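Colleague: I would like to learn how to read a structure like this one, feature by feature. Can we start with a single residue?

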Amino acid sequence: MCGIVGYIGEQQAYPILIKGLHRLEYRGYDSAGISLINDKGDLSVYKAKGKVSMLEESVKEKDVTGTIGIAHTRWATHGEPNAVNAHPHYSQSKNLALVHNGIIENYKSLRAEMEKNGMTFCSDTDTEVLVQLVEYMQNSHKCDLYTAVQLALKNVIGAYAIAILEKSKPDQLVCARKGSPLIIGVGKSDNGRAEFYLGSDATPIVEYTNQVIYLKDEEIAIMDRRGRLDITNLSNVKQTPQLVTIQMNLDQLEKGGFPHFMLKEIWEQPNALRTCIRGRLNVTDKDVLLSGIIDHKEKFLKCRRIIICACGTSWHSALIGKYFIEEAAQIPVEVEYASEFRYRNPVIYPDDIVIAVSQSGETADTLAAIQLAKSKGAFLYGICNVIGSSIARATDSGTYLHVGPEIGVASTKAFTGQVITLALLGLAIAKEKKTLSDEMFHMLVDEFQMIPDKMQWTLEHNKGIDKFAQMFTYCKNFIYLGRGYNYPVALEGALKLKEISYIHAEGYPAAEMKHGPIALIDEEMPVVVIAPKRGMYEKVVSNIQEIKSRKGKIISVVTQHDTVVKGMSDYTFVIPDTRDCFVPLLAVIPLQLLSYYVAIAKGRNVDQPRNLAKSVTVE
Ligand code: F6R
């Protein structure tokens with residue numbers, strides 16, 4: 001949520017900052033802004049409502065020179081999305097400009113205090129309060145910017161990643177973080193001089209350097225063109241920065257010929273999942289190797305309960321993980337909404353393992369949930385996609401998805417990556433606990449290996465969805481039904497549709513219909529049913545019958561060669577046959593495509609749906 005970019009070095013900052021904002025636009029896109037110090041020492045701030053392209057348009061005639069700058073793309077929390085509330089914010093004297101990601105919870109009392117001292121404010125934001133507070137500290141303590149930032153942040157309650165420019169010190173860039181991510185890229189310009197980049201994640205940085213430092217909570221950094229990089233904590237204790245080499249391919253950040261990141265990421269799934277299982281699933285030896293489990297084998301052998309905390313799509317994958325782990329490893333699993341879990345007083349036993357599932361690894365509620373679990377003595381395991389993310393670093397052990405950066409706001413390949421990873425986890429625990437017969441274990445490994453090819457088949461055999469989707473643009477509601485492993489798929493299909501097409505959709509366990517929701521069915525209601533020829537097939541057929549007799553329109557996901565459900569359906573999507581536990585990985589694909597094409601037919605911006613942002617770093 002909100003994206004920060006920064007640069008100090010020898011190059012012109014503007015092109016680097018604008019490119020970086022485009023890369024980060026998936027984090028927020030209601031307004032954007034940029035601040036630069038030019039060679040004459042002028043500190044400028046330019047802001048625009050809307051996308052980064054609006055900002056570019058608005059600065060066409062402006063002076064955007066300068067080799068130091070900060071920029072921001074916003075997802076509004078305090079104050080409506082407009083140019084005034086957009087970042088960067090000036091301090092009252094206009095000597096400072098600051099960008100911020102996060103929420104300052106005590107901003108009202110801080111503002112009231114400063115107003116009493118005669119300071120005036122232009123916006124409704126908590127961010128302006130922060131920059132004013134820094135200036136207030138500078139003036140009242142007669143100190144330099146770095147010390148003023150330390151003093152200001154000691155008075156702040158909440159979460160922040162900030163970058164700040166000072167007009168009178170055009171040779172230095174100061175930044176800090178707590179609760180919201182911030183990465184420093186360490187580079188060298190063509191003439192070998194030091195340069196530094198800032199990013200809310202690595203995407204605006206990887207083009208220039210793969211050497212990064214993940215700033216830790218309550219750390220403040222100062223960088224200059226002579227190569228100085230000093231990091232301290234809020235109490236001014238010097239910290240030793242840890243330089244990390246990141247592996248990210250620039251192609252992963254481009255659309256690669258697809259009209260949208262979402263469609264690219266849907267089609268990437270077979271390869272992404274091949275990468276996810278590479279080195280972890282050994283078909284020749286019929287083995288599953290997860291270092292995160294091997295290194296903590298005893299914990300998993302002793303574990304009597306697993307609690308998985310997650311939000312949104314990640315919560316849906318966690319539910320599938322629950323079914324798999326319980327079936328394969330015979331350990332009870334509870335799946336919790338992180339946002340609920342963190343505010344309860346949950347009972348956690350010493351032999352519990354708490355798993356956080358999060359694509360971004362930055363979701364504020366999930367992070368807070370595991371911090372609570374840690375304070376109660378739980379062993380923490382992270383399943384994240386973003387390497388070096390806060391959740392990955394806060395957990396005792398874990399497994400990365402390795403599905404590559406997910407840019408589309410609607411999660412697709414991260415969902416299937418999470419399901420695969422949770423299944424690997426279930427198999428790895430089952431192996432240690434010997435809860436599956438050898439025959440069953442080998443059968444699951446063999447089938448697992450075939451899933452990427454079966455996903456490819458599913459993509460190739462459901463190509464007509466774009467035409468079919470046109471028929472549903474008039475619909476106001478959809479219902480999605482599934483049973484067993486496919487109930488979470490129904491939830492995920494419904495979420496995908498509502499978040500990008502803005503059509504109301506609900507997912508239910510199919511058998512729950514008769515306990516109330518069936519009253520909604522009439523000839524206007526499309527019902528998407530996941531009905532593979534496995535497990536509870538006959539029961540799902542009966543559920544379809546109940547809907548048909550009330551004139552609902554049936555869209556089904558069926559196994560190849562199925563004739564019964566196909567005959568009862570107005571439209572069918574086909575998937576190849578696979579074991580029950582792997583069906584979600586195939587069945588979700590047509591549902592992702594359906595939501596994508598319905599949204600396109602309705603003229604929606606699928607990569608940047610309204611009101612949403614990719615990484616929810618505020619609660
Ligand atoms: C929906 C979606 C969200 C995220 C949720 C959790 O398509 O992407 O529901 O799944 O915000 O995000 P992560 O997985 O980053 O913790």
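**Reading the features**

Modeller: Lys413 has a relative accessible area of 3%, so Lys413 counts as buried. Keep in mind that this is a predicted model.

Colleague: Which residue forms a salt bridge with Lys413?

Modeller: Glu268 does, with the closest N and O atoms 2.7 Å apart. Glu268 is partly exposed, at a relative accessible area of 22%.

Colleague: Where do Glu268 and Lys413 lie, and what does the pair tie together?

Modeller: Glu268 sits in the loop between α6 (261-267) and α7 (269-277). Lys413 belongs to helix α14 (residues 413-433). The pair therefore ties together parts that are 145 residues apart in sequence.

Colleague: Which residue forms a salt bridge with Glu432?

Modeller: Lys297, with the closest N and O atoms 3.6 Å apart. This pair also links distant parts of the chain: Glu432 is in helix α14 and Lys297 in helix α9 (residues 297-302), 135 residues apart. Glu432 is buried, with a relative accessible area of 17%. Lys297 is partly exposed, at 37% relative accessibility.

Colleague: What about Lys463 and Glu460: how far apart are the closest N and O atoms?

Modeller: They are 3.1 Å apart in that salt bridge. Lys463 is exposed, with a relative accessible area of 51%. Glu460 is partly exposed, at 36%.

Colleague: How many salt bridges does the structure hold?

Modeller: It holds 33. Some form a network, which links Lys19, Arg23, Glu207 and Glu254.

Colleague: Next, sheets. What should I look for?

Modeller: The general idea comes before the case. Strands of a sheet pair through backbone hydrogen bonds, either parallel or antiparallel. Here, 8 strands form an open sheet, and the pairing is antiparallel. The order is β3-β2-β4-β1-β10-β9-β11-β14.

Colleague: Which strands stand at the edges?

Modeller: β3 (43-49) and β14 (244-245). Each has a single partner strand, so one side of each is left without a neighbour in the sheet.

Colleague: How many bridges join strand β1 and strand β10?

Modeller: There are 4 bridges between β1 (residues 3-8) and β10 (residues 194-199), in the antiparallel sense. In one of these strands, β10, Gly199 is the bridge partner of Val5.

Colleague: Which strands does helix α1 lie across?

Modeller: Helix α1 (residues 13-24) lies across β1, β2 (31-37), β4 (68-74) and β10. It runs at about 160° to β1.

Colleague: What does Ile306 touch?

Modeller: Leaving out residues up to four places away in sequence, its contacts include Ile325, Ile331, Pro332 and Ile429.

Colleague: Last, rings. How many aromatic pairs are there?

Modeller: The structure holds 15. Phe468 lies in helix α16 (residues 465-469) and Phe573 in strand β26 (residues 571-575), so the pair ties together parts that are 105 residues apart in sequence.

Notes:
Residues numbered from 1 in each chain as written. Predicted model: local features only at pLDDT ≥ 70, side-chain atom pairs only at ≥ 80, totals over all residues. Heavy atoms only, no water. Pairing = 2+ DSSP bridges. Helix = DSSP H or I, 4+ residues; strand = E, 2+ residues; numbered from the N terminus. Contact = heavy atoms within 4.5 Å. Axes fitted to C-alpha atoms, helices over the stretch in contact; angles between N-to-C directions. Salt bridge = Lys/Arg side-chain N within 4 Å of Asp/Glu carboxyl O. Buried < 20%, exposed > 50% of the residue type's maximum accessible area, 1.4 Å probe, protein only. Phe/Tyr/Trp six-rings, centres within 6.5 Å; stacked < 30°, edge-to-face > 60°.
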